[in-house]
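Student: Please take a close look at one part of this model, the salt bridges, and then at the core. I would like one connected answer.

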Amino acid sequence: AVKAEQANISLLGGDGLSHQTLVVNVHDGGEEHFHLNRTLSGKMGAEKRAYISNDVQNDPIFKYIDLDPGMRNLVCVPLQVGAKVVAALTAFNKSGGRDFSEADQRILAIMGAQSAQVLESARQKEEISRGRVLIQEMEFAEAIQESLLPDPDPAVPGYDIYGTTVPAGHVGGDSFDFIPLEDQRWAISLGDVSGKGLPAALLMSNLQATLRTLSHFLPSCHQCVAECNKLLFRTTTPDKFATLTFAVLDTRTHALTYCNAGHEQPVLVDASGAIRRLDRGGLPVGILEEAEYGDDVILLQPDDLVVIFSDGVVDMENPGEENYGEKRLLALIEANRNLPARDLAELIRDQVAKHAAGAAPFDDVTVVAVKRTA
């Protein structure tokens, strides 16, 4: 159109300086492909107007630029969508050694206006396509995570047990588990991995698999948590850790042995309504390789209730940035301790959501209720 030896379209980055050559067209003369440099791309992004240089080798704006020696002249026009410059159309070396003219600039400007809309439409289609793929991947991850959760209402003779979790996004970093062991014992865990989204969900899946394996081979809660801590420390970066409550329930003796690794302290409510916090344990897992952990044993009497929960319960904020808080939670548990485990866990979950009053949750909400039946 303008009798240039070469022309190209370069997409500009969000900084207005970086660029990526999208297409190059060479008509005649010159084997090298000339490219838009950072100086010119910055000029297009900042000034949003065309530029002609018929002596680029002596042009002051290219004074400190190492230009291709074969480049004689150029005309460059911005490709705009609204006020945003998305690309630049540049023609190099007018054939016959001639200069580029204002008429050449106008022709390129017309072509640029049409090209800009084509590029923007293509970009939007590409973003929509990437978004669809991402949504599909997240839905797939969500389905996998749901499949890894145990039966929320396991059949444990003499006990009423229920667990529920609500991730803040498609997938979450919270998880609970009920693991049947030998001699009528059950391992019960609730973990909360640092971080959010898919990375946290992947790490939680790893933690869950580790606990399921270790619980069958190690004799005590604190040994299981300590070994889990070492494995997590050795296989993750320093910013990754998890809080964890791990317990083993012996349904013959009604002994509940627990280890609380930096997690929200579970609540024990006896038949009279007295409340005790279960605090024996140690640091969150994954912080120090040789961290030491302890465990404790409580004997559950008929109608005794244990509630394990993640920090997403007490930290849930309403639009006024007020936390749900432990005070509300303990009052709710005490007033409703006679409810079945499912009803109590779901009541806590629903009251936390009600407190949020439509505000987007920033953390997962997980509750496990364990009750010895009369």
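**Salt bridges and core**

Tutor: Asp153 is partly exposed, with a relative accessible area of 34%; buried means under 20% relative accessible area, exposed over 50%, and partly exposed in between, using a 1.4 Å probe and protein chains only. The model is predicted, so local features need pLDDT of at least 70 and side-chain atom pairs count only at pLDDT 80 or more, while totals for chains, interfaces and linings use all residues. Residues are numbered from 1 along each chain as its sequence is written, and side-chain values use heavy atoms, with hydrogens and water left out.

The partner of Asp153 is Arg342: the two form a salt bridge, with the closest N and O atoms 3.8 Å apart. A salt bridge here is a side-chain nitrogen of Lys or Arg within 4 Å of a carboxyl oxygen of Asp or Glu. This pair links distant parts of the chain, 189 residues apart: Asp153 sits in the loop between helix H2 (102-148) and strand S6 (159-166), and Arg342 in helix H7 (residues 341-356). Helices (H or I, at least four residues) and strands (E, at least two) are DSSP runs, numbered from the N terminus. Arg342 is also partly exposed, at 36%. Asp153 and Arg342 are joined by Glu346 in a network of salt bridges.

The structure holds 12 salt bridges. Another one joins the side chains of Arg212 and Asp177, at 2.5 Å from N to O. Arg212 is in helix H3 and Asp177 in strand S7, 35 residues apart. Arg212 is partly exposed at 29%, whereas Asp177 is buried at 2%.

A further salt bridge runs between Arg277 and Glu326, whose closest N and O atoms are 3.1 Å apart. Strand S12 (residues 275-277) holds Arg277, and helix H6 (residues 325-335) holds Glu326, 49 residues away. Arg277 is partly exposed at 21%, and Glu326 is partly exposed at 34%.

Now the core. The largest nonpolar core has 25 residues, and those with the most contacts inside it include Val193, Leu207 and Phe246. A nonpolar core is a set of buried Ala, Val, Leu, Ile, Met, Phe, Trp, Tyr and Cys residues joined through side-chain atoms within 4.5 Å. Strand S7 (174-181) and helix H3 (197-214) are among the elements that each supply at least two residues of this core. Leaving aside neighbours within four places in sequence, Leu207 is in contact (heavy atoms within 4.5 Å) with Val193, Cys228 and Ala242.
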